[in-house]
Amino acid sequence: MSKYMVNLKINNTPIQVEEGTTILDAARRLNFRIPTLCNHPDLSVAGNCRVCVVEVKGARLLAASCATPVSEGMEVNTNSEKVRIARKHIVELLLSEHNADCTKCFKNGHCELQELASEYRFGDHIFIDLVKVKDKVLDISSPSITKDSSKCIRCQRCVRTCTELQSVSALAVINKGDHQTISTFLNKPLNDVVCTNCGQCINRCPTGALYERNYIEDVWHAIYDPNKFVVVETAPATRVALGEDLGIDTGQRVTGKMVAALRKMGFNKVLDTDFTADLTIMEEGTELLTRLKKAIVDKDDTVRLPMMTSCSPGWVKYQEHMYPEMIENLSSCKSPQQMFGALAKTYYADKINIKAENMVVVSIMPCTAKKFECNRPEMRDSGFKDVDYVLTTRELAMMIKQAGIEFDKLEDEQYDSTLGESTGAAVIFGTTGGVMEAALRTAYEIITGNEVPFTNLNIQPVRGMEGVKEASIKIKNTKPEWNFLEGVELNVAVAHGLANAKALMDAVKSGGTKYHFIEVMGCPGGCIGGGGQPIPTSAEIRKRRAEAIYAEDMGKPIRKSHENPEVAEVYKDYLTLPLGHKSHELLHTHYKVRKRY
Amino acid sequence: MEQKPLKKIDIIFGWDEKCTPIQVVEKTVKKTADSIILDMIDSGLKGRGGAGFPTGLKWKFCRNEEAEIKYVICNADEGEPGTFKDREILDRVPEKIFSGMTICGFVIGACEGYMYVRGEYNFMLKTLQQKIDIFNKQLQGLKIDFQIFLRSGSGAYVCGEESALFESMEGHRGEPRNKPPYPTVAGYNGKPTVINNVETLVYTSEICRMGPEQFKALGTQDSRGSKVFSVSGDTPIAGIYELELGMPLKDFVDEFGDGDTKAIQVGGASGFCVPRKKFNDTIIGFEGIPTGGSMMIFNSSRSMYNVLHDYLEFFTEESCGQCTPCRIGCQQLLKGIESVKKGERPPTYLDNLKRLTATMKIAAKCGLGQSVANPFTSIVDNFREEIIY
C-alpha cells in the first residue's frame, strides 16, 4: 500500500510527513525536541511514561507523541502551558517514586531521569516520597546484573527488551497499582531464573535500576597488590566502542589508545582476546570438519549437526534453558575469553615464569554475561579460576577516568607479545557474522588449499544487520584428505539477538533446514551491541561500530586465523594440534541442562 | 435546561411474549444493516457504560471497516463501585443481551460474539453458558451465522476499559492500549470490534423490537431513552430502577433519599459528588452529569473525607500501574489528603493536588486515571472543611 503524505503544523511550523509517522518523529524532523523516557528506538511503542505528551488543537486530552500518529490538518504544540505543567508534574511524580540518591548512584551522570530533572530544576519537592524500604534492597544474586527496584520508573524498557529482542522474558511486570513492579518469575533472584545475563536490559534502562555487577574495586586492588601479576585481555568489540564513553565519536577505533591506557593503569601485561579468537577458529573449525567427517564418511549418527558456536555466554545459557535437547549441537570450544584464561595461567605463566596462583586475569568485555561465564564451575581448568574478573567496556571507561588519564591525548601503543598477536579474522568476532566469516576463511582453506571465493576475503552474505542470515559455499578442488567434501554445499546460518536465535532454533528443531554450521550471538548486532557496551545503543550506533570492526579487519596485515604466527607457536610449543589432548583439557568444555522455571 | 420528572420505566426487564429476544433477531435480520444503523442513530441511544458514545455511530464505523473477521464484545466487566445493574440484567434477561449482540454482529459483519464477565460474577457462568448454548442453537436453527462465547475476567477493575479488556481476552496483562487505533478499527485480536456495555446491547435489541420512536420519546434531546440505576447507600429502598433520563437530582433524592441526604455520588467512584445545595439544578443525563448508573446516597452521618479516602484507595490499588500520572498520581492524592488531615501539610496543599488531578485528567493513558479528578475535585470543592479538619 502506498503511503499518503499528511500535512500538519507543529509549533506553527508546517511539515509534510508520511502517513503513520508519529508526532514525536515529525517534531524531531523539525528539530523540536520532545523528552521521552519509555520510548526506545529498538523497542515497540509503550506510551506509558507520558513525558512526551503534547497538545493537539481541539483535543480534550494531551497526546503521547510517541504513540500518536499524525493526521491531516493537525496542529500540535509541544510546549504549551498545559504541556509544560503536565510534563513537569509527570517528571516530579516519577521523582517521588524514585530513590533519588543520585550522587551515590552507579548511573550518576548517565541517567535519563536525572537529565530531565536537571532541565526542570525542581527546587520545591511538592510531592510525598513514595520509595518503599523493601525496594531499596538490591538484587545482587547475579554475577552479571544488579537490580535496584528503588530506582525503577516502570517504563518497561527492560521488559520489552527481554521479551521482544531476546525472547527470554526473565523480567516481567507484576502486580498492579501502587504494587506494580518489574520482577522475575515468582519474584526469584536474578541468578535463579532464565536470565541469560545478556545485559540488554541494562543498555536500555534509563535510570540506575539495572546495571552491571561491577568489579572495579577488586581490579584496582589486584593492580595495587605487589604480589599479583595482573594480565588484561581485551575483547574485539571493546576497541570500537570504548571511545564513546571517553568523548570520542561513535565508530572511532581506539585500539592503540586502549592499550596505552591499560598499561598506564598498571596492568602488568596487556594482551588480546583476539589472539584466542584466532585459536577458537582453529579449534572450532577443526571440530566442525571432524563432525562433518564423522557424519559423512563414518556415517556416525550420534554426531550432532548443525554445529553451533559457543562464544557468546548469553546464547549458551539461553540454549541450556530453552533448547536443552540441542546443547550437544553447541561446539565444545570455550569462548575466546575462557581459552585465554586457561592458557594464561598455564602456558603463558610458565613461559614468563610467573606462578599461576599469583596471576590475576582480567578481561575487558562488551558483555555482562562474560561475568557469569568466568564464574562457571567448568571454567577452572588451569587449576585456578581461569579468568578472575570481567569488566565491561563501560567499567573500563570509568577506571580510565578515575586514573586521571586523558584518553584522547594518548599515543597508540601495541599489545604485548605472546597471546597478544591477532588477525583480522579475530577482530570480526566482535560483530554478527564475524565468527562465521573467520571460520569459513580458515576452514575453506584447510579443505581446499585455496582462499574462500569472495572478493578480498569479505564474505558479504554473512555480514549486515538482518536478524537471520544464510549462506552456502560449494566446496571445490579439495585436498585429497578432504575429498569426501568435494562438491558439498556447505550451508551456514547466522543469528544475532536471542529472538532471532529462537526463530532459527525453532526452524532447526522442526527439521527441514540443511545447515551444517550456525553462528549465534546473544546480543543484537553481536558483541558490538553487547550488554556491557557504552549507552545509548541504537541500530545506527551498532552499524557504525560494525563498520569500525570491518575497517580494523581490512587494516590488519594478516586476516586469516590459521596464519597467526603466535597461534602456530602455541601449537608447536604446547598444544601440539587442534583438538589434541592438551586442547581438550584446557580449551574445551561441556554444558549443563537448565530448567526454564 | 430541558428536564423530565422522575418516571419509572419497564423496558429492560419487561418481557414481550409475542416478540421474544430470538424473535427480535429473526425479525431484525430481515432488514438491511444500513436501516438498522439508521434506526439506532435515530433512537439517539448512547453507550450506557458511562462514556456515552452514540451506539449507532459505533456500529457504523465498524461496519465501514473492511475486514474478514470482526467481533462483537459485550462488556460485562461491571466493576464500578456502586454499580450492580448488569448483574441483574445478566441474571434476569440475558437473552436480550444475546439478541443485541447478534443484531450487532449482523450489522457489522461479525460471526463471533464474546461476553466478558467480571471475575466476581463467576457464580453466574454456568447458568449463562446454558442459556448461551440454547441461544446459539436457536441461531443455528435460524441459519444465522453468529455464535456467542463466554469469557471470564480475573478481577481487575481496569479490564472494564475496552482496550485492557481486549488485552485480557488475548491472554496478556490487563493494560489499556494507546489510542488510536480505536476498537472499531483494531480491537480484539487487532480486528475491527464493537464493544458495548450489557445495558446498551439490551436497548439495541429493545429498539429493534419496539422501533426507535418509542425509545426516543423518552428522555431529553441529549439523553434519549431510559437507563437502569443502581441505587445504594443511605436509602431505605436500595436496588435497581429503570428511570427516564433527564430528571433533576432533587426528584431522585425525594424518591430514594432517607430525608437526611447530604450528597450523592453520581457515576460511581469515578463520577461526581453532588452536594445538597446543587440537587435542584443538576440533571441526570449527558447534558448534566452522565452516569454508568451508580447512585450512591450519603446522609449527614457520613464523613466525606472517608468517602474520598476510600475512592482514592480503590484507584491506587486498581490502577494498572503502567502510566505515570495514574500510578503515582493516585498514590500522591491518597497520601496527600492523609497528610493534610494529619496537619502535616497546610490546607493549601489541596490546591497542589487539584492541579495534579488536572494533569491526570488530560495526561493519563486511559479513562481510569483521567477520571480520578472527578471525585477528587467535586468532593474537595464541596466539602473542603471535611477534608481538612
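Trainee: In what order do the strands of the open sheet in chain A stand?

Mentor: Strands of a sheet pair through backbone hydrogen bonds, either parallel or antiparallel. In this predicted model, chain A has an open sheet of five strands in the order β2-β1-β5-β3-β4, and its pairing is mixed. At the edges stand β2 (13-18) and β4 (63-64) of chain A; each has a single partner strand, so one side of each is left without a neighbour in the sheet.

Trainee: In which sense do β1 and β5 of chain A pair?

Mentor: Strand β1 (residues 5-10) and strand β5 (residues 75-77) of chain A are parallel, with two bridges between them. A:Ile10 is found opposite A:Val76 in β5(A). Helix α2 (residues 81-97) of chain A lies across β3 (53-56) and β5 of that chain, at about 160 degrees to β3(A).

Trainee: How many residues does each chain bring to the contact between chains A and B?

Mentor: Chain A supplies 30 residues and chain B supplies 28 residues. On the side of chain A, the largest share, nine residues, belongs to α2(A). That side consists of 18 nonpolar, six polar and six charged residues.

Trainee: Which strands stand at the edges of the sheet in chain B?

Mentor: The order in this open sheet of four strands is β3-β2-β1-β4 (chain B), with parallel pairing. The edges are β3 (147-152) and β4 (193-197) of chain B, each with a single partner strand, so one side of each lacks a neighbour in the sheet. Within the sheet, β1 (residues 71-76) and β2 (residues 112-117) of chain B run parallel and are joined by six bridges; B:Cys74 stands opposite B:Met115 in β2(B). Helix α8 (residues 198-210) of chain B packs on this sheet, touching β1 and β4 of chain B, and its direction makes about 100 degrees with that of β4(B).

Terms used
Residues are numbered from 1 along each chain as its sequence is written. Chains are lettered from A and ligands numbered from 1 in the order in which they are written. This is a predicted model: local features need pLDDT of at least 70, side-chain atom pairs count only at pLDDT 80 or more; totals for chains, interfaces and linings use all residues. Two strands pair if DSSP finds at least two bridges between them. Two residues are in contact if their C-beta atoms, placed from the backbone, lie within 7 Å. Axes are lines fitted to C-alpha atoms, for helices over the stretch in contact, and angles run from 0 to 180 degrees between N-to-C directions. Ala, Val, Leu, Ile, Met, Phe, Trp, Tyr, Cys and Pro count as nonpolar, Asp, Glu, Lys and Arg as charged, and the others, Gly among them, as polar.
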